[in-house]
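This report looks at the surroundings of a ligand and then at the aromatic rings of a protein. Please keep the structure in view while reading.

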Amino acid sequence: MITEVFTANQLKKEAPVFGQLSFDDHEQVVFCQDKDTGLKAIIGVHNTILGPALGGTRMYDYATEWDALNDVLRLSRGMTYKAAITGLNLGGGKAVIIGNPKKIKTPELMKRFGKFVHTLGGAYYTAEDVGMETSDMDTVREVTPYVTGISETKGGAGNPSPVTAYGVYMGMKAATKFTYGTDKLEGKRILIQGIGHVGEELVRLTSEEGANVVISDINQERLEEVKHKYGADIYKGNDIYTETADIYAPCALGATINNDTIDKLNVKIIAGAANNQLENENIHGSLLQKKGIVYAPDFLINAGGIINVYAEIEGYGRDQIMAKTQNIYDTTLDILNKAKATNITTNAAAISIAEDRITARKNEK
Ligand code: NAD
């Protein structure tokens, strides 16, 4: 369970450190600092029972250091469940670097960060996340082998976004099968919010299947480009959350399922790539269930990216990556059926399956 989130001003000094913020039985939280390069980073290793903790490094100009800590705690926990539900032998971890990447990111800073990753001796593998480029992972690779998502020319698995989009497409089709009895997307009205690396590929896959795709983005140029390429309709209204559709696919930001949007939603299914779509997984998961909206858990259906980087560690080829990603269809269907049978939210059903896998492995040891 995510514990209550405190801001710096609300910190309860009398409470133990491990009871603060989003601590959730994290194994290790490492604070890294280097004055010469300006590096301030936090590495969160949530759980390593299934394998080394893998998760990207996010570089962001956090308003406070507490926000950075909170983010790394929540994100690393999410990675544990993502890996477990996907059947990967990986644990959950994440790192944050505090600061604006455009202003303070240098190769020296990235190397220093890489050296800190190296000190963990493989308990944590890093990868790309917000504010990072493949070239940054190449720089980290110069000082440690515990990094994935490096350039293809240097032995990496390449761009994960098409794989992520394929997994989201599989999850969407499974949710469609569960809701309508058939997984055909032909004629289904699908709202795709955010047509970046993942969203555009999802537009391609769904349009090719004959879906009636409506796209929204804050980038007007991209809207025109994607409309032109795939014949999708551009959303012209003022509030996308009020639009009637079969499927809403959040592929831009997290937390779009919240107190403001939930009453307005007029869709049958939510299935998209964005991380942490439910602002509060307990409250908003239950509200979706009450409204009868089928929610395909984000951390399950957007796992194509992690499958892609896992391939680098395991030495998988493209066929194995795509086969594992295709499995997201069956897992999603199982989870939706389990949630229905036990009358719990789909998010809770996914977490409980992931926890069962971790517990079973722990008991084997
Ligand atoms: P991206 O940055 O390429 O694309 C995001 C798009 O969303 C951009 O086109 C941006 O203009 C648009 N956008 C931003 N704010 C918006 C708003 N308010 N309304 C509509 N559009 C808005 O990112 P991406 O790599 O395509 O990832 C999309 C989402 O999926 C992110 O939440 C990311 O964390 C998640 N995700 C991505 C991957 C991956 O492999 N890339 C893997 C797992 C999860």
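## Ligand shell and aromatic rings

Among the 18 residues around the ligand, those that come nearest are Thr164, His197, Val198, Asp217 and Ala252. The model is a predicted one. By type, the shell around the ligand holds nine nonpolar residues, eight polar residues and one charged residue.

| Residue | Atom of the residue | Atom of the ligand | Distance |
|---|---|---|---|
| Ser161 | polar side-chain atom | nitrogen | 3.2 Å |
| Ala252 | backbone N or O atom | oxygen | 3.0 Å |
| Ala273 | polar backbone atom | oxygen | 3.3 Å |

The ligand taken alone exposes 830 Å², and the protein buries 72% of that. Two or more residues of the shell come from each of helix H5 (161–180) and helix H6 (197–208).

The whole structure contains six aromatic pairs. One of them joins Tyr60 and Tyr62: the ring centres are 5.1 Å apart and the planes stand at 70°, so this pair is edge-to-face. Tyr60 is partly exposed because its relative accessibility is 46%, while Tyr62, at 9%, counts as buried.

Tyr166 and Tyr169 form a tilted pair, with 6.4 Å from centre to centre and 40° between the planes. Both residues belong to helix H5 and lie three residues apart, about one turn of the helix. Tyr166 has 18% relative accessibility and so counts as buried; Tyr169, at 11%, is buried too.

Charged groups also sit over rings. The charged end of Arg112 lies over the ring of Phe116, 4.3 Å from the ring centre. The charged end of Lys188 sits over the ring of Tyr180, 4.2 Å from the centre of that ring.

Conventions:
Residues numbered from 1 in each chain as written. Predicted model: local features only at pLDDT ≥ 70, side-chain atom pairs only at ≥ 80, totals over all residues. Heavy atoms only, no water. Near = heavy atom within 4 Å. Polar contact = N/O pair within 3.5 Å; in protein donor to acceptor, adjacent residues only side chain to side chain. Areas by Shrake-Rupley, 256 points an atom, 1.4 Å probe, with all protein chains shown as cover. Helix = DSSP H or I, 4+ residues; strand = E, 2+ residues; numbered from the N terminus. Nonpolar A, V, L, I, M, F, W, Y, C, P; charged D, E, K, R; others polar. Phe/Tyr/Trp six-rings, centres within 6.5 Å; stacked < 30°, edge-to-face > 60°. Buried < 20%, exposed > 50% of the residue type's maximum accessible area, 1.4 Å probe, protein only. Lys NZ or Arg CZ within 6 Å of the ring centre and 35° of its normal.
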